[in-house]
Amino acid sequence: MIRQPFLQQIRRQSNRPYWMKNPHLDKIIRVDHAGELGADRIYAGQMAVLGRTAEGPLIQHMWDQEKKHREKFEELINEYRVRPTVLTPIWNVAGFVLGAGTALLGKEAAMACTVAVETVIVDHYNDQLRTLMQDPNIDKEILETITRFRDEEQEHHDTGIDHGAEQAPFYKALTEVIKAGCKAAIEISKRI
């Protein structure tokens, strides 16, 4: 038999009883946590290469926002008792390599990476918001969090465009490859 205080703790932690959880919420929190980890590591890689250049403060600003996004999703992983993706170590390394690798190609390529990643993330967050708004019992904090993060990701996209992303060598090809990788990472992270 389950003790009553245990059930009360579950209700507090998830804002609703475990048997009433939104079936989409686990996947949303899992994939967003993985995505924000990846973004954190991308900016870490960019800072490792470009941190002492004129673009350093700009990249640092975006990285600081991504760190806050990651922290929030780490809180939500615990609050909603969601299992993180088992690919966390891979996304950690892959994100850093992507950030550092594009930065080594130049500031324009680093900005092109930002544009590509943020394009996919903004679309992804919009899809999530549409899904969550269909649940009349959804936690308003989740909606507000995803909306705010989506807006900040759009700001990063626009910053990348404003700072020369489209002047990167092979811009179109580079961004399409990065977008495809991001979309694949999203689909994989939802499942495992």
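In which helix is D162 found? I looked it up: D162 is in helix α6, residues 140–162.

**Ground rules**

I note that this is a predicted model, where local features need pLDDT of at least 70, side-chain atom pairs count only at pLDDT 80 or more, and totals for chains, interfaces and linings use all residues. Residues are numbered from 1 along each chain as its sequence is written, and side-chain values use heavy atoms, with hydrogens and water left out.

**Overall layout**

I found seven helices and zero strands in the protein chain. Helices (H or I, at least four residues) and strands (E, at least two) are DSSP runs, numbered from the N terminus. Along the sequence the pattern reads α-α-α-α-α-α-α. I also looked up burial: 49% of the 192 residues in the protein chain are buried. Buried means under 20% relative accessible area, exposed means over 50%, and partly exposed lies in between (1.4 Å probe, protein chains only).

**D162 again**

D162 counts as exposed because its relative accessible area is 62%.

**A helix pair**

Two packed helices are described by the angle between their axes and the distance between the axes. I looked up α2 (residues 25–50) and α3 (residues 56–79), which pack at an angle of about 155 degrees with their axes 8 Å apart. Therefore α2 is roughly antiparallel to α3. Angles under 35 degrees count as roughly parallel, over 145 as roughly antiparallel, 65 to 115 as roughly perpendicular and the rest as oblique. The axes are lines fitted to C-alpha atoms, for helices over the stretch in contact, and angles run from 0 to 180 degrees between N-to-C directions. The crossing of α2 and α3 is left-handed, meaning that the near helix is turned anticlockwise from the far one by less than a right angle (clockwise would be right-handed).

**Positive phi**

Which residue in the loop between α3 and α4 did I look up? It was R81. Its phi is near 55 degrees, a positive value in a residue other than glycine. R81 is partly exposed because its relative accessible area is 45%. F170, in the loop between α6 and α7, is not a glycine either, and has a positive phi of about 55 degrees. F170 counts as exposed, because its relative accessibility is 72%.

**Salt bridges**

How many salt bridges does the structure hold? I noted twelve. A salt bridge is a side-chain nitrogen of Lys or Arg within 4 Å of a carboxyl oxygen of Asp or Glu. One of them joins D151 and R150 at 2.9 Å, N to O. D151 is partly exposed, at 42% relative accessibility.

E176 is partly exposed at 36%, and K172 is exposed at 58%. E176 also meets K179 in a salt bridge (3.5 Å, N to O). K179 and E176 are three residues apart in α7, about one turn of the helix. Is K179 buried or exposed? K179 is buried, because its relative accessible area is 19%. I also noted a network: salt bridges that share partners join D40, R70 and E74.
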